[in-house]
Amino acid sequence: TTIAQTWDKELANAFGTQVGREADMLGYRGWYGPGCNLHRSPFGGRNDEYWSEDGFLSGHLAGNMLAGVQSTGMMCTIKHFALNENENMRQSLHTYLSEQAMRELYLPAFETVIKAAQPETVMCSYPRINNVHASDNHWLLTDVLRKDWGFAGLVVTDWGALCDRVKAMHAGCDLSMPGGSTYMEDWVAAAVRDGTLPESDVDACAARVIAL
């Protein structure tokens with residue numbers, strides 16, 4: 001937030017480079033950031049992770065920071081996609097709004113970063129968006145993220161954000177975190193066998209995990 005107040009893209013890039021160097025020094029290969037949600041309330045519990053109330057400013061500074069981190073060889077994860085502007089009961093939050101509002105206010109920061117810097121991963125959020133969980137949202141993860149914006153990387157859930165594994169795989173959600181969970185694996189196998197879930201959707205998710 002303090003860097004955002006400077007409107008200084010070079011500073012954001014330098015800050016990102018230092019984050020990447022320190023992460024590498026500590027033995028990490030990836031960094032879960034930057035966050036691109038908006039400041040919609042002063043009570044937002046993660047406002048310190050986000051840049052501003054403005055999608056244009058947030059997108060350009062987050063993009064420059066991400067480019068700085070990536071310049072050190074570190075992988076980045078842009079988050080929390082999308083509409084994670086409220087921390088209060090965020091795991092059960094319902095958000096209802098028009099596509100126009102999303103594309104004009106809440107998605108531009110993500111779009112700017114993805115098109116400019118192509119992060120390796122995108123982390124989906126907890127809330128239901130027009131009554132569909134972000135992890136299960138085909139419109140959000142495939143139509144917008146992959147088809148409209150050209151994102152070619154991996155989609156990972158926020159911790160515990162996976163809702164329906166069958167719907168999530170069809171939507172383009174590749175990796176459930178934290179790892180090691182067998183949640184709904186038998187449902188996936190059954191859905192593939194009965195044709196409800198195309199095997200190609202599972203293959204696509206697996207291929208992106210392997211590529212990463």
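The following conversation works through a predicted model and asks how several of its labels are reached.

User: How do you know that the span of helix α8 agrees with its number of residues?

Analyst: Helix α8 runs over residues 199-211, which makes 13 residues, and at 1.5 Å a residue it should span 18 Å. The expected span is 1.5 Å times one less than the number of residues, and because the end C-alpha atoms of α8 are 18 Å apart, the two values agree.

User: What makes the buried residues of α8 line one face of the helix?

Analyst: The buried residues in α8 are Asp201, Cys205 and Arg208. Seen down the axis of the helix, the buried residues fall within an arc of 65°, and therefore they line one face of α8. What covers the buried residues includes α5 (138-148), β7 (154-157) and α6 (165-171).

User: Why is the pair of phenylalanine 81 and phenylalanine 110 called edge-to-face?

Analyst: The structure holds 3 aromatic pairs. In the pair of phenylalanine 81 and phenylalanine 110, the ring centres are 5.1 Å apart and the planes stand at 65°. Ring centres must lie within 6.5 Å for a pair, and planes over 60 degrees apart count as edge-to-face, so this pair is edge-to-face. The pair links distant parts of the chain, since phenylalanine 81 lies in strand β2 (residues 75-81) and phenylalanine 110 in helix α4 (residues 108-117), 29 residues apart. Both phenylalanine 81 and phenylalanine 110 are buried, and Phe81, Phe110 and Trp149 form one aromatic cluster.

User: What joins phenylalanine 81 and alanine 82?

Analyst: Phenylalanine 81 and alanine 82 are joined by a cis peptide bond, for which omega is about 5°. Alanine 82 is found in the loop between β2 and β3. Another cis peptide bond joins methionine 177 and proline 178, where omega is about 0°, and proline 178 is found in the loop between α6 and α7 (185-193).

User: Why is arginine 46 called buried?

Analyst: Arginine 46 has a relative accessible area of 19%, and because buried means under 20%, arginine 46 counts as buried. The residue is found in the loop between β1 (30-31) and α2. The side chain of arginine 46 makes a polar contact with the side chain of histidine 80, at 3.0 Å. Not counting residues up to four places away in sequence, arginine 46 touches Lys79, His80, Glu87, Arg90 and Asp158.

User: Why is asparagine 64 called partly exposed?

Analyst: The relative accessible area of asparagine 64 is 23%, and since partly exposed lies between the 20% limit for buried and the 50% limit for exposed, asparagine 64 is partly exposed. The place of asparagine 64 is in helix α2 (residues 55-70), and, leaving aside residues up to four places away in sequence, asparagine 64 touches Lys9, Ala12 and Asn13.

User: What makes β3 and β6 the edges of their sheet?

Analyst: An open sheet is formed by 3 strands in the order β3-β5-β6, and the pairing is mixed. β3 (94-95) and β6 (132-133) each have a single partner strand, so one side of each is left without a neighbour in the sheet, and both stand at the edges. β3 and strand β5 (residues 128-129) pair in the parallel sense over 2 bridges, and pairing requires at least two bridges between strands. The bridge partner of threonine 95 in β5 is isoleucine 129.

User: How do you know whether asparagine 130 and methionine 184 are buried or partly exposed?

Analyst: Asparagine 130 has a relative accessible area of 32% and is therefore partly exposed, whereas methionine 184, at 9% relative accessibility, counts as buried, because buried means under 20%. The place of asparagine 130 is in the loop between β5 and β6, and its phi is near 50°, a positive value in a residue other than glycine. The place of methionine 184 is in the loop between α6 and α7, and phi of methionine 184 is positive too, near 65°.

How values were computed
Residues numbered from 1 in each chain as written. Predicted model: local features only at pLDDT ≥ 70, side-chain atom pairs only at ≥ 80, totals over all residues. Heavy atoms only, no water. Helix = DSSP H or I, 4+ residues; strand = E, 2+ residues; numbered from the N terminus. Buried < 20%, exposed > 50% of the residue type's maximum accessible area, 1.4 Å probe, protein only. Arc of directions from axis to C-beta. Contact = heavy atoms within 4.5 Å. Phe/Tyr/Trp six-rings, centres within 6.5 Å; stacked < 30°, edge-to-face > 60°. Polar contact = N/O pair within 3.5 Å; in protein donor to acceptor, adjacent residues only side chain to side chain.
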